[in-house]
Amino acid sequence: MQGRTPNNGKVSLSLVQSGDAPVSPAPARVPTIVAFDRKELNLILSVYGRKVVQGDWRDYAMDFLRERAVFSIYARMSERPLFIIEKVPRLRNRQGQYAVTNQQGRILRRGHDLAQVLRVLDPHLVVVG
């Protein structure tokens, strides 16, 4: 019976655990990104929606980067946004983490409270706290 295996010619395999198994590398550290939370997005989108209804704005873009979150507002499809709303958490304890910048790069308003900062875009809006 040489050449034959037990179990009617079927080969049986078994798993063997080895102590020298290759070690997988540690998972790469995922870089953290800055994003607007739900409350912040609600504030931004409510101002944006009013301006769209008025016909002033037509498009927007959001970018979530390592050090800042950006909401860009466009009058029509163009290369440069009319306004940029930024959230930079590292400025939280200084000038404030929120800023609105115009098309030329000039900071129109900066502060700690997003609702107050957004008033520069819609001055007739009354902030209810």
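Q: Before we count anything, what makes two rings of Phe, Tyr or Trp a pair here?
A: Rings of Phe, Tyr and Trp pair if their centres lie within 6.5 Å, with the six-membered ring used for Trp. Planes under 30 degrees apart count as stacked, those over 60 as edge-to-face, and the rest as tilted. Keep in mind that this is a predicted model.

Q: Fine. How many aromatic pairs does that rule give?
A: The count comes to six aromatic pairs. In one of them, the ring centres of Tyr 48 and Phe 71 are 6.1 Å apart and the planes stand at 75°, so this pair is edge-to-face.

Q: Where do Tyr 48 and Phe 71 sit in the chain?
A: Tyr 48 is in helix α1 and Phe 71 is in strand β2, which covers residues 69-74. The two are 23 residues apart, and their pair links distant parts of the chain.

Q: Tyr 48 and Phe 71, buried or exposed?
A: Both are buried.

Q: And Trp 57 with Phe 83, what sort of aromatic pair is that?
A: A tilted one, with 6.0 Å from centre to centre and 55° between the planes. Trp 57 lies in the loop between α1 and β1, while Phe 83 belongs to strand β3 (residues 83-87), so the pair ties together parts 26 residues apart in sequence.

Q: Why does Trp 57 count as buried?
A: Its relative accessibility is 4%, and buried means under 20%.

Q: Which residues do the ring pairs link into a cluster?
A: Tyr 48, Trp 57, Tyr 60, Phe 71 and Phe 83.

Q: What lies over the face of Trp 57?
A: Lys 51 does, at 5.8 Å from the ring centre. Lys 51 also forms a salt bridge with Asp 56, where the closest N and O atoms are 3.6 Å apart. With 13% relative accessibility, Lys 51 counts as buried, whereas Asp 56 is partly exposed at 35%.

Q: Staying on salt bridges, how many are there in the whole structure?
A: A search finds five. One of them joins Glu 40 to Lys 87, with 3.0 Å between the closest N and O atoms.

Q: Why do Glu 40 and Lys 87 count as buried?
A: The relative accessibility of Glu 40 is 6%, and that of Lys 87 is 10%. The cut-off for buried is under 20%.

Q: What about Glu 67, which side chain does it meet in a salt bridge?
A: The side chain of Arg 90, at 3.5 Å from N to O. Glu 67 is in the loop between β1 and β2, and Arg 90 is in the loop between β3 and β4 (98-102), so this pair ties together parts that are 23 residues apart in sequence. Glu 67 is partly exposed, with a relative accessible area of 49%, and Arg 90 is exposed, at 53%.

Q: Switching to the strands. How many residues of β2 are buried?
A: Six of the six, so β2 is largely enclosed by the rest of the structure. Both of its faces are covered. Ala 69, Phe 71 and Ile 73 are buried on one side, and Val 70, Ser 72 and Tyr 74 on the other.

Q: In what sense do β1 and β2 pair?
A: Antiparallel, over six bridges. A hairpin of four residues joins β1 to β2, and Phe 64 stands opposite Ala 69 in β2.

Q: And over how many bridges do β2 and β3 pair?
A: Five, again in the antiparallel sense. Ile 73 has Phe 83 in β3 as its bridge partner.

Q: Last topic, the surface. Which residues make the nonpolar patch?
A: Ile 33, Leu 45, Tyr 60, Met 62 and Phe 64, and the patch is about 420 Å². Strand β1 (residues 59-64) gives the most to the patch, with three residues.

Q: Where does Leu 45 lie?
A: In helix α1, residues 38-54. Leu 45 is partly exposed, with a relative accessible area of 37%.

Terms used: Residues are numbered from 1 along each chain as its sequence is written. This is a predicted model: local features need pLDDT of at least 70, side-chain atom pairs count only at pLDDT 80 or more; totals for chains, interfaces and linings use all residues. Side-chain values use heavy atoms; hydrogens and water are left out. Patches are made of residues with over 30% relative accessible area and no salt bridge: like charges are joined within 9 Å, nonpolar side chains (Val, Leu, Ile, Met, Phe, Trp, Tyr) within 5 Å. Accessible areas come from the Shrake-Rupley method with a 1.4 Å probe; for residues, only the protein chains shown count as cover. A salt bridge is a side-chain nitrogen of Lys or Arg within 4 Å of a carboxyl oxygen of Asp or Glu. Buried means under 20% relative accessible area, exposed over 50%, partly exposed in between (1.4 Å probe, protein chains only). A charge sits over a ring if NZ of Lys or CZ of Arg is within 6 Å of the ring centre and within 35 degrees of the ring normal. Two strands pair if DSSP finds at least two bridges between them.
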